Amino acid sequence: MDLQSIISEVKTLARETGRFIAEQRKNFDSSRVESKQSHDYVSYVDKECERMIVSRLKEILPQAGFITEEKTIAQDDGSKELYWIVDPLDGTTNFIHDLAPYSVSIALRDSKELLLGVVYEVTRDELYSAAKGQGAYLNDRAIKVSPLSDLDQALIMVGYPYNAEAWRDFCLKMTGQLYGHCASIRSFGSAETELCYLAAGKIDVYFESYIQPWDVAAGACILLEAGGKITDYKGGNEKWESGHEVLATNGLLHDKMLAEMEKACIN
């Protein structure tokens, strides 16, 4: 399988989808927004973009299955050797409110590992990409995580889960522990974009709970190829691929963040 050829086609697809999203934003109809659960929204743009992406990916790799956010196609049941993981519009709430960032996210993996990831951040025209063992890129420039090792100087990105009742105490504890003991704390509302910002050295730490594989896969591939590290909140792999617990850092800050999480009494 020629990953370079495949990723070139996926990058083109991500840009084309991003242009469609940008055009739709100009005359967006907020009355056509649906609620999937409390404070978790989907628009007609998400669904149409997913149909576009799936249609093209079928042509690129007809043998691959799919895991997609909007379920516009039958989901992979484990019978395929390869499958795509797609979030057509990561950061829907931002998109609805005309706030940056929001992105198109496409990853390919097999049963063992991520093979490629592409994330196109629409508002800044930034295309992040990586293929297994071939490095990470922002547009055509190679990227690496930051060299920062001092948590006191770290710019930390926090995602706040929709499942507020289950995660409120943890988020408040972590924010309280870090506030005043790092450079600053931010929350941008697009997990894939935040992972890419980490890969590019723009931020130093990102963590979030209760998200999904399509929120993580492409950005994780890019981050790992850029030299970063991603685990669950206890330093393992059990929960991050599902999105249940995602701690991502430049690698140098990982143990320090795990120590902070232990203090926040993670079960």
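Predicted model: local features only at pLDDT ≥ 70, side-chain atom pairs only at ≥ 80, totals over all residues.
Strand E7 spans residues 126-131. Six of its six residues are buried, so the strand is largely enclosed by the rest of the structure. In a regular strand the side chains alternate between the two faces of the sheet. In E7, Glu126, Tyr128 and Ala130 point one way. Leu127, Ser129 and Ala131 point the other way. Residues of both sets are buried.

E7 pairs with strand E6, which covers residues 114-121. The pairing is antiparallel and runs over six bridges. Within it, glutamate 121 has glutamate 126 of E7 as its bridge partner. E6 and E7 form a hairpin, with four residues between the strands. Aspartate 125 lies in this turn and has a positive phi of about 55°.

E7 is also joined to strand E8, residues 136-138. Three bridges link these strands, which run antiparallel. Serine 129 stands opposite tyrosine 137 of E8. Here too the two strands form a hairpin, and four residues separate E7 from E8. Glycine 133 sits in that turn, with a positive phi of about 75°.

The crossing is right-handed. From H1, the contact draws on Ile6, Glu9, Val10, Leu13, Glu16, Thr17, Phe20, Ile21 and Gln24. These meet Tyr44, Val45, Glu48, Cys49, Met52, Ile53, Arg56, Leu57 and Ile60 of H2. By class, the H1 contact with H2 comprises 12 nonpolar, two polar and four charged residues.

The second pair is formed by H4 (residues 164-178) and H7 (residues 254-263). These helices pack at an angle of about 125°, and their axes are 9 Å apart. H4 and H7 are therefore oblique to each other. Their crossing is right-handed. On the H4 side, the contact involves Phe170, Met174, Gln177 and Leu178. Their counterparts in H7 are Met257, Glu260, Met261 and Lys263. This contact of H4 with H7 holds five nonpolar, one polar and two charged residues.

Definitions and conventions
Residues numbered from 1 in each chain as written. Heavy atoms only, no water. Buried < 20%, exposed > 50% of the residue type's maximum accessible area, 1.4 Å probe, protein only. Pairing = 2+ DSSP bridges. Left-handed = near helix turned anticlockwise from the far one by under 90°. Contact = heavy atoms within 4.5 Å. Nonpolar A, V, L, I, M, F, W, Y, C, P; charged D, E, K, R; others polar. Axes fitted to C-alpha atoms, helices over the stretch in contact; angles between N-to-C directions. Parallel < 35°, antiparallel > 145°, perpendicular 65-115°, else oblique.
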